Amino acid sequence: MKKHLISLFMLISVSASAATFEAEIEARQDAYSGIKDNVEVVGDMLKSGEFDYAKFEMLGEKLTKHSSSLKSLFPEGSQEGSNAKKAVWKSFDQFSMGLDKLDQGFQDFYAAAKAQDQAALVAGFKDATGTCKGCHRKFRNKK
Ligand code: HEC
């Protein structure tokens, strides 16, 4: 009985430590999905010439909330069970710079939405969305 209890405790603590990263992985995947959805909305608005700054501001708030959260959501050892490649932690400086660029682009977009500055808004959006493909090629597994 005692032996069973010990192995039960071991099982619980093992799954508890795996669950720690599950939360981070889920949070970063949710953040990326949110970015993708909002990027699509902004892209459609720009294409159709719908310069609704109140809406851009609302979208900018969401985008920056997600993009600024990402940096803390890639703790060392959190690769398993996700689509992140080992390269994320091997070249963390480069990966981090990519996240900074993504976040900076959305921060510029958000600030430009508040200032109702069309050129800066488009530029910030382009800066941010120009980072996706290159980073995925190097740091994300193909599905
Ligand atoms: C600095 C690197 C980096 C940048 C920049 C980046 N991504 Fe990603 N993205 C990743 C990594 C790594 C994953 C895999 C995360 C995981 O599975 O834990 C990912 C996953 C995703 C996913 C899948 C989320 C899920 O539900 O599994 C989507 C969608 C996505 N990214 C969209 C984007 C878009 C859109 C942009 C640009 C606006 C972007 N990403 C910019 C690295 C990046």
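For Ser 33, the separation between a polar side-chain atom and a ligand oxygen atom is 3.2 Å.

Residues are numbered from 1 along each chain as its sequence is written, and side-chain values use heavy atoms, with hydrogens and water left out. As the model is predicted, local features need pLDDT of at least 70 and side-chain atom pairs count only at pLDDT 80 or more, while totals for chains, interfaces and linings use all residues.

The protein contains 6 helices and 0 strands, taken as DSSP runs numbered from the N terminus (helices: H or I, at least four residues; strands: E, at least two). Along the sequence, the pattern reads α-α-α-α-α-α.

The ligand carries an iron atom, and its only protein donor is His 136, through NE2 at 2.1 Å. Donors here are N, O and S atoms within 2.8 Å of the metal (3.2 Å for Na, K and Ca); water is not among the atoms, so sites may look incomplete. His 136 belongs to helix 6, which spans residues 132-139.

Around the ligand there are 21 residues, the closest being Arg 28, Gln 29, Cys 132, Cys 135 and His 136; a residue is included if one of its heavy atoms lies within 4 Å. This shell is made up of 10 nonpolar, 7 polar and 4 charged residues. In that count, Ala, Val, Leu, Ile, Met, Phe, Trp, Tyr, Cys and Pro are nonpolar, Asp, Glu, Lys and Arg are charged, and the others, Gly among them, are polar. At least two shell residues come from each of helix 1 (2-48), helix 4 (92-115) and helix 6. Helix 1 contributes the most, with 6 residues.

The ligand takes up the space of the largest pocket. On a 1 Å grid over the protein atoms alone, a pocket is an open set of points where a 1.4 Å probe fits, with protein on both sides within 12 Å along at least five of seven lines. A molecule sits in a pocket if more than half of its atoms lie within 2 Å of its grid points.

Attention now turns to burial. Of the 143 residues in the protein, 31% are buried, where buried means under 20% relative accessible area, exposed over 50%, and partly exposed in between (1.4 Å probe, protein chains only). In helix 4, Phe 109 is buried because its relative accessibility is 0%.

Ala 113 is another residue of helix 4, and its relative accessible area of 1% makes it buried. Its C-alpha lies 7.4 Å from that of Gly 60, 53 residues away in sequence. Gly 60 is part of helix 2 (residues 53-69) and is itself buried, with a relative accessible area of 0%. Between Ala 113 and Asp 52, 61 residues apart along the chain, the C-alpha separation is 8.9 Å.

Ala 115, also found in helix 4, is exposed, as its relative accessible area is 55%. The C-alpha atoms of Ala 115 and Glu 57 are 9.5 Å apart, with the residues 58 apart along the chain. Gln 116 lies in the loop between helix 4 and helix 5 (118-129). Gln 116 is not a glycine, yet its phi is positive, at about 55°. Its relative accessibility of 53% places Gln 116 among the exposed residues.

Terms used. A polar contact is a pair of N or O atoms within 3.5 Å; within protein, one must be able to donate a hydrogen and the other to accept it, and residues adjacent in sequence count only if both atoms are side-chain atoms. On a 1 Å grid over the protein atoms alone, a cavity is a set of points where a 1.4 Å probe fits but cannot get out, and a pocket is an open set with protein on both sides within 12 Å along at least five of seven lines; lining residues have an atom within 4 Å of a point.
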